[in-house]
Amino acid sequence: MTTSSRVPVTVLTGFLGSGKTTLLNRILSENHGKRIAVIENEFGEVGVDNDLVIGAEEEIFEMNNGCICCTVRGDLIRILGNLMKRRDKFDHIMIETTGLADPGPVAQTFFMDDDIQTQLSLDGVVTLIDARHVLQHIEDSDEVKEQIAFADVILLNKTDLVSSAELDSLEARIHSMNSAAKIHRTKDAVVDMDKILDLGGFDLDRALETDPKFLEPEYPFEWSGLYNLKQGVYSLVMNEGPDPAMKAAFFKATSATEQGMRDTVEPAVLCYSSEEHVLEAGELITAGDQLFELPLETTPAKFAITIPEDGVYVLFTEHHPDEFTASLQDSSGSRLTPLFTREYKPDHQHDDEVTSVGITTPGDLNLEKFQVWLRELLANQGTDIFRMKGILSFQGMATRYVFQGVHMLFDGRPDRPWGDKPRSNSLIFIGRNLNRKELNAGFEACLV
Amino acid sequence: MFGLKAGQRDGRELRELWQVDIEDYVNDLAWSGDRRFLAAISVSGQVWVYSHDDRELHRLGEHIGGGSSISWRPGTTELASIGHDGTVKLWDAAIQRLTGELDSGATWGTKVAWRPQGTSLATAAGKSLRLFTTDGEIAYESSDHESTIADIGWNPDGSAVAVAAYFGVTLHIPGRPVRRLEWKGSSLALAWSPTAKYLVTGEQDSSVHVWFMKTGRDSQMTGFATKVLELSWHRSGNYLATGGSDSIILWNCSGAGPEGREPKTLEGHPTRLTQLQFQHRGDDIASSDADGMVLLWTPLTHITPYFMRAFESPVTRLAWSSDDQRLTVGERNGTITTLGFRK
C-alpha cells in the first residue's frame, strides 16, 4: 500500500472547556469539502449528515512488559480497524481525546499496530488551550504539559478573555516547552482548516520541511542587531560586565529586514559551535563565519571591525550589549542604532519541566556512535522524551537522514541528497527532565 | 506473480457454483447447518441470506451503524445477528423475516454465538456478555471485563463460554464464579480445540497464547509478523493452524502439546493472511490473503496447496458448508462467491 493512499488522522487534545467541542462542531458543519469521520472520547453528540461520529471509551492496553512505549489505545485499534473497512466513506479521521488523556498511547497506536500503520497515517496532534484558565493548570498538571509537548499545532483559544501581555507571556511559556509546535491564537476556536488538517506532523517528508524555524536550539547568543553599514572601519566599544570576555560574530545579511536577520541565525548558531578565535590586541574583527572572543581585562575595550563593502550586517553577541554597556560606533565615534534587534532568551526552566532541547551542529556523525548513544538515551529517558525529530548528516552518506519518534519508538530513513547545502545536524527533543548539557555533550561525542 | 503452482490431490477439483454482490465489505459469512442458506452481514450493517434452493439473494434487514457477526441456531433456519445499534436481531431465513430483537447491553456489538445445542444465545457487546434463553430472557450476564470484548466462544460441549479481552480470557458458566485465565496482553481472537483440551488466543502483541485447560498451565508462541487473528483447529484437536504472517503455521498439539516441537510452515501466499478455515469433517484447510488469493491445502500430508484462485479484492471471510463440499469466499468489495467440489 502506498503512502498516499493512507487516510490521514488528526488527534485533537485539550482540557474540558478549552473549546474542543466548538472546534469539532465547526469542522463538522463547515463546508471544507472533506468527509470527516470523528471518534469522540468525550460527551456531546455532534453528528451531521455525511459525517460519521463514533463514541468511544478510552481503553489503555499495556503490552506484556509494561514498557511505556508498548502502551496503546485498544479502543482506537478496534474503532480505526472498523473504520478502515469503510474507507470509501470519508477522507479524514479526527480523534477527540478526553481532557485528561495522555497523547502518548494515542500516537504510539499508529506505530505499534500493523493494520493501522499500513492504512492510516497520523497527520498531527492539535492541542487546544484555554488561554484564560491554562495558567492555573500548567504548573501542576502533567496532562496539560504532555498535551502541549505532543502538539504539532497549538490553538491558544479564548484570546478575547485575556490581555495581550498575558498572551505574549503564555505563548513564550508554551514555546519554551515545545518549540516545534506552531501556535495560533484563536477566538471561539475559529481557525482555517488548513492550519489543523494535513499538517504532515508525523510525516518524515514534510515534518522537517514545513517550518524551518521549528528546530530552534538553545541559542549560544543572547542578542543580535542588524545594521546598514558603509565600507570602512567601525568599532565595538564595551565596558565592564558580568564576564571577563564576550563572544561575538559578524554576518552579512541579504536584506535590511527582520527576515534578513532571521536568515543569518542558523549560520550564526553553527558558527558559535565552532572554535572561537581569541582576538589579539590590534587585530580586526571581520564579517564572516568566524567566532571571536573579545577579552575584557581592561575596560572600556575597543575592538575594530572592518567592513569590506557596503551592505547589511548582523552582529551576534554572547550577552546582551546592555550588560556591558556595549555599542557599535562609526569612525567618528558616534553610536549606531541597529535597524532591528532580537533577544534570544536562554532557557531557565526547572529540571522537572517540559522543555525543548534543540541541537544544531555542523559536521558528520559516526553512525555507530550515534546509534549507541540514541539507544541508550531512549532506554534510559524514553519515558520522559515525548517527541523528537531531526535531520542528520552521517559520515559517508550522500543523503540527509531524517527521523522522528515518540517515547522509545523511532522511525527514520535516508532522505534527499545534501547537494551543495552545508552538511549539518539539527534535532529537537521535547520532554521532561531533559538535561540540555548532557544531551549536547552526548550528541557532540558522536561527531566524527 | 509469484512462482506457485497448485498441485493435484486425488481428484479434488473446485468450480464456481454461484456469485452474488452485496456491494459492501463482507464482515461475516455462515452456512446454515442444513446447507440451504448462506447468511452474510456487511460492515455497514446489512443482513443478507442467499437461498441455495432457489438461487436468490434476499436482504433481511439491517443494523444501523454497522454489522459485526452472525450465527445460525443449530438445527433451525433461525439466524442471530449483532451490530453497532445495541441490538441482537433474530431472523428466520425460511420466511425471510425479523422474528425478534434483544438488547445486547452496549452499542458496540462484537459477536453472537449460538450454543452447540441451540438452547442459548451468547452475545458480546462493549464489555457485556449476555446469555439469552430461546425465549429472549437474559439467563446470565457479566460486564466484568477489562476492555471491550474482542471474541467469545462456546466450549465444545456447550457448558461454558470463553471471553477474550484485554488481560486474557475469562470462562463463564452460569451459576458459577468466573474463572480467569489471566495474561497481561490483549487477546483478540479465541479458539477451543475440538476436544476442549486447549483454548488458544491470538494476541495484539504478535503472539499466540495456549491454555492447557485441565491444569490451567499456559504457554506462549511468539515470532509472528503481526497481531494474530486467524486461528483454526483440525477436527482431531491435534493440529492448530495460525496466521499472523504470510505463512500458515501448523502446530502439532497432540500428546504433550506444541512446546519444543518445530511447527510446519505452509508458504504460498504473497501477502498477509486474512482467513484460515479447516474443514468441519475433512482434513483440508482454506486460506486467504489481503491480495484476494484463496488457497486450499491438505496440510497433514503436503506443504503445497492443491487449489488457488485470485479474487478481485482482499478476501475478508471464508466459510465451509457443514458437509465441507462448498467453500464460500467473501470480499472487501462485496462479492460473495461459492465454490463446490466437482462430484
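I began with pairing: two strands pair if DSSP finds at least two bridges between them. Strands are DSSP runs of E with at least two residues, helices are runs of H or I with at least four, and both are numbered from the N terminus. This is a predicted model, in which local features need pLDDT of at least 70 and side-chain atom pairs count only at pLDDT 80 or more, while totals for chains, interfaces and linings use all residues. Residues are numbered from 1 along each chain as its sequence is written, and chains are lettered from A and ligands numbered from 1 in the order in which they are written.

**Sheet in chain B**

I looked up β11 (residues 120-125) and β12 (residues 128-133) of chain B, which pair in the antiparallel sense over 6 bridges. Ser120(B) has Thr133(B) of β12(B) as its bridge partner. I then listed the open sheet of 4 strands in chain B, and its order is β10-β11-β12-β13 with antiparallel pairing. Its edge strands, β10 (109-114) and β13 (138-142), each pair on one side only. Neighbouring strands are turned by 15° against each other on average, direction ignored. Axes here are lines fitted to C-alpha atoms, for helices over the stretch in contact, and angles run from 0 to 180 degrees between N-to-C directions.

**Chain A overall**

I noted 12 helices and 24 strands in chain A. Of its 448 residues, 42% are buried. A residue is buried if 20 or more other C-beta atoms lie within 10 Å of its own, exposed if 12 or fewer, and partly exposed in between, with C-beta atoms placed from the backbone.

For contacts I used C-beta atoms, placed from the backbone, that lie within 7 Å. Among contacts in chain A between residues at least 6 apart in sequence, 75% join residues at least 24 apart.

**Helices α3 and α6 of chain A**

I checked burial in helix α3 (residues 103-112) of chain A and found 9 of its 10 residues buried. Helix α6 (residues 142-150) of chain A has 7 of its 9 residues buried, so it is largely enclosed by the rest of the structure. Its buried residues are Val144(A), Lys145(A), Glu146(A), Gln147(A), Ile148(A), Ala149(A) and Phe150(A).

The axes of α3(A) and α6(A) come within 9 Å and cross at roughly 35°. Pro103(A), Gly104(A) and Ala107(A) of α3(A) make the contact with Glu146(A), Gln147(A) and Phe150(A) of α6(A). I sorted these contact residues into 3 nonpolar, 2 polar and 1 charged. In this scheme Ala, Val, Leu, Ile, Met, Phe, Trp, Tyr, Cys and Pro count as nonpolar, Asp, Glu, Lys and Arg as charged, and the others, Gly among them, as polar.

**Domains and chains**

I took the domains of chain A from the assignment: domain 1 (3-202), domain 2 (223-343) and domain 3 (354-444). Such bounds come from an automatic or database domain assignment. The C-alpha centres of domain 2 and domain 3 of chain A lie 31 Å apart. Their contact takes 4 residues from domain 2 and 4 residues from domain 3.

The contact of the two chains takes 14 residues from chain B and 11 residues from chain A. Strand β16 (residues 179-192) of chain B gives the most to the chain B side, with 3 residues. That side divides into 3 nonpolar, 8 polar and 3 charged residues.

**Positive phi**

I looked up Asp198(A), a residue other than glycine with a positive phi near 55°. Asp198(A) lies in the loop between β9 (182-185) and α8 (204-207) of chain A.
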